[in-house]
Amino acid sequence: MRWHRLTFVGLLVALSVGATACSRGTMSTTTTSAATATSTSSSSPVLPVAKRGVVTIQMATVGDPGNPSVGVWQVFKTVGTSGAGVTLPPNNGTGIYKNCASAPSSAPSCLTVGGVKDTYGIGEFEITVSQYVTFLNTVDPDGKNLRQLYEDHMNPTVWPKYGSVGYSSGAAFGKHYSVAYPEWAQKPFNFGDFRRGAEFVNSLFNGTVLSKTSSTSGGFKYVTYKVRLSPKTERGMYDMNTETPTRTASTGFVLPSNDEWVKAAYYDPKHGGTDSYWVYPTGPFDPPNPSKLNPTTGDVVNAGTQPLATYNPNDPNSSVDTPGSPAGAAPTWCPSQAGPTCNDLPSDFPPGLDLEKNFMGNVSTVGQAKTPSPWGAYDMGGNVVEHTDSLAPQPPGYNFVRDWRYYHGGVANAPAYQVAIYGFGYFPGDPQIGRVYPWMGFRVGVIGDLK
């Protein structure tokens, strides 16, 4: 059955890697610009014009251009295996080496990561549900969903616990999509994949920058962009009509590359950690404490327990937990509006699926864990695993052609080794697969001198 194949991809390969209050400053918000109707002549009908939504995205500035890369021990699961498919660095090691030539021969594989030649920006937070809904109503105002930017498992009537985006076929032009419940507005968009992320970026890339504001907070530098989105998503930074879209410009909004993401999450400009890299985006050596969430809102209630991340320190699907992981369980919540349907699964899922084992954790409000990366970005460990635009080799166990991409950061139901620098994941460029994995998102970046 096709669903079973997708489940193995979503729940096993994906597991290879793996807030309304915020820790500081300005929370990313969304608004909607005024609509404009035009007519080509006095006798022509007035056609509807899409309302171009406006999003505000704060970018952490990642400096120290030309920083050194490192070799990293790659941890991943092979399809169909349990804990035995995970090989952690030996002797509680960091899995970080000056280069891959220095990595032990016992390493499953070594990847050179983290070196970036230019200064760039990366989202302080993950793209939120509210921002994604603004995007949907801008680029798909008639609600036809021709590019699969929405699918039914995002809907709370289909999946009560994880459905974050509502849809109404009978709604007015430009209003077919909505935030499912208020509690979801500032949660990370949780049904992402590379193509949805790339089309969001294209909407930014083709949009209009209304303002650009620099600021500092907590010793970090930020640039805040207010952008009126464009309905054009097929071409921009990425040409989505090609089989393997890659960057087409040296300046503009992007999905971070694997190196850009790793540097923003783990590279310490003060040169702490191992060869200037932290093991976790929350600290140089020790796994973070797990978040605890309000059971009906998803707000973090233990932010005073630092460092902190929304992840599960104990893997229910594996006998292998990261050595030194703190005690705790998967942080979770369910909207109060779901009522007794909270544990219901979508009707197209196979009967007998173990919800408690396979779908435990849930995402927290962005930024509320309050632990920054070395550059001032939040939630780079746990919450949703984040897609990059870097092509990856086909992982072990697969023999079909598809454009695989790296992703990183673990998820709400991921153990600590998936949050670590060595927890690399691979995901195919296929929006269908995200349907069974409600912890996939993205954050955006910016390269070059964007005016």
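Q: Which ring does the charged end of Arg405 sit over?
A: A charge sits over a ring if NZ of Lys or CZ of Arg is within 6 Å of the ring centre and within 35 degrees of the ring normal. Here the charged end of Arg405 lies over the ring of Phe194, 3.7 Å from its centre. Likewise, the charged end of Lys187 sits over the ring of Trp333, at 4.8 Å from the centre. The model is predicted, so local features need pLDDT of at least 70, side-chain atom pairs count only at pLDDT 80 or more, and totals for chains, interfaces and linings use all residues. Residues are numbered from 1 along each chain as its sequence is written, and side-chain values use heavy atoms, with hydrogens and water left out.

Q: How many aromatic pairs are there?
A: A pair of aromatic rings is described by the distance of the centres and the angle of the planes. Rings of Phe, Tyr and Trp (its six-membered ring) pair if their centres lie within 6.5 Å; planes under 30 degrees apart count as stacked, over 60 as edge-to-face and the rest as tilted. The count is 19 aromatic pairs. One of them, Tyr132 with Phe189, is stacked, at 3.7 Å centre to centre and 10° between the planes. This pair links distant parts of the chain, 57 residues apart: Tyr132 is in helix 2 (residues 129-139), and Phe189 is in the loop between strand 8 and helix 3 (194-205). Helices (H or I, at least four residues) and strands (E, at least two) are DSSP runs, numbered from the N terminus. Ring pairs also join Tyr132, Phe135, Phe189, Phe200 and Phe442 into a cluster.

Q: Is Tyr132 buried or exposed?
A: Buried means under 20% relative accessible area, exposed over 50%, and partly exposed in between (1.4 Å probe, protein chains only). Tyr132 has 0% relative accessibility and therefore counts as buried. Phe189, at 1%, is buried as well.

Q: Why is the pair of Tyr406 and Phe424 edge-to-face?
A: The ring centres of Tyr406 and Phe424 are 6.1 Å apart and their planes are at 75°, so the pair is edge-to-face. Tyr406 belongs to strand 15 (residues 404-408) and Phe424 to the loop between helix 6 (416-419) and strand 16 (425-428), so the pair ties together parts 18 residues apart in sequence. Both Tyr406 and Phe424 are buried.

Q: Where is Gly170 placed?
A: Gly170 is in the loop between strand 7 (165-167) and strand 8 (177-179). With a relative accessible area of 70%, Gly170 is exposed.
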